[in-house]
Amino acid sequence: LRLPFIEKDNVDVVSYAFLINKDKVYKYDRKSKEFYLLGDFDKLYEYLDVRIDKILAKLSKLHIEIAKMEDKLYEDDITSSFSNDWLRFKKELVLIERLMGHSLIAFERFIKHYKDSIDILAFKDLAEHMDRAFRFAKNAIEKLDYLYEFFKAKQNEKMNNIMFVLTILSAVFLPLTLITGFFGMNTGGLPFVSDPQGTLKAIAISVLFEVPFVFFIWKLMKS
């Protein structure tokens, strides 16, 4: 069995190798490279039950964290760590889902083969816990994907608002830029060059040009 291994709130992968001889269960120790006696089938059940309970507890914690992330998104309280948290949750959940899916298939084959030698109700209960962990991981992944789509929509909305403001500012300053460029040319014969009131007249022309643009933008925003 390859199962997720939960240690210090981190998800790792551990492969468990068991050797069954009649009613005795032996577990392979990778450090000593030898099998040691684990006990009977009841001991095997207890050994796996503890580890699967830790997986379920980790999934429960992930569901709570995802729920908090969802609440913050709805409240428009998106933190700068959203992307990193999302990626970490997705990585852990995908790993758990893949491992539990494969392990459940192997475990069901084990139950079918040893159904006359084991406490069938206890081991089927263990298989149900494994299936629950698989389904919990899958549901959490679907929720994460939905939250990411919602997050991207919020980011796109903010970007569209920024582009809209920049477009308005560009439109507002377009006539001013045009007039400034015209009067800033280093050529002769420009109007108001010798007029003491030339600057005021140039400002007045700028205002006259600006009013239609502002009115047009105002009507555009109201439509």
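Which loop holds Lys 8? Select Lys 8 and you land in the loop between strand 1 and strand 2 (10-15). Strands here are DSSP runs of E with at least two residues, helices are runs of H or I with at least four, and both are numbered from the N terminus.

Before moving on, a word on what you have open. This is a predicted model, in which local features need pLDDT of at least 70 and side-chain atom pairs count only at pLDDT 80 or more, while totals for chains, interfaces and linings use all residues. Residues are numbered from 1 along each chain as its sequence is written, and side-chain values use heavy atoms, with hydrogens and water left out.

Lys 8 counts as exposed, at 77% relative accessibility. For these labels, buried means under 20% relative accessible area, exposed means over 50%, and partly exposed is in between, using a 1.4 Å probe and protein chains only.

Now jump to Lys 33, in the loop between strand 4 and strand 5. Here too phi is positive in a residue other than glycine, near 60°. Lys 33 is exposed, with a relative accessible area of 62%.

Zoom in on strand 4 (residues 24-29) and strand 5, which pair in the antiparallel sense over five bridges. To find one of the bridge partners, click Asp 29 and look for Glu 34 in strand 5.

Contact means heavy atoms within 4.5 Å.

**Into the core**

Which residues have the most contacts inside the largest nonpolar core? Select Leu 44, Leu 59, Leu 93, Phe 107, Phe 110 and Phe 123; the core itself has 42 residues. A nonpolar core is a set of buried Ala, Val, Leu, Ile, Met, Phe, Trp, Tyr and Cys residues joined through side-chain atoms within 4.5 Å. Strand 1 (2-7), helix 1, helix 2 and helix 3 each supply at least two residues of this core.

Leaving aside neighbours within four places in sequence, Phe 110 is in contact with Ile 20, Phe 41, Leu 44, Ile 118 and Phe 123.

**A tour of the rings**

Show the aromatic side chains: the structure holds 15 aromatic pairs. Rings of Phe, Tyr and Trp (its six-membered ring) pair if their centres lie within 6.5 Å; planes under 30 degrees apart count as stacked, over 60 as edge-to-face and the rest as tilted.

Start with Tyr 74 and Phe 150, an edge-to-face pair at 5.5 Å centre to centre with 80° between the planes. Tyr 74 lies in helix 1 (residues 41-74) and Phe 150 in helix 3 (residues 120-183), so this pair ties together parts that are 76 residues apart in sequence.

Move on to Trp 86 and Tyr 148: their ring centres are 4.6 Å apart and their planes at 35°, so the pair is tilted. Trp 86 lies in helix 2 (residues 82-113) and Tyr 148 in helix 3, so parts that are 62 residues apart in sequence are tied together. Trp 86 is buried at 12% relative accessible area, whereas Tyr 148 is partly exposed at 30%.

For a whole cluster linked by ring pairs, select Phe 41, Tyr 45, Phe 107, Phe 110, Tyr 114 and Phe 123.

**Last stops**

Find Arg 51, whose charged end sits over the ring of Tyr 47, 3.6 Å from its centre. The rule asks for NZ of Lys or CZ of Arg within 6 Å of the ring centre and within 35 degrees of the ring normal.

Finally, is Lys 154 buried or exposed? Lys 154 counts as buried, at 19% relative accessibility. Look for Lys 154 in helix 3, touching Leu 73, Asp 76 and Ile 78, not counting residues up to four places away in sequence.

Key
Pairing = 2+ DSSP bridges.
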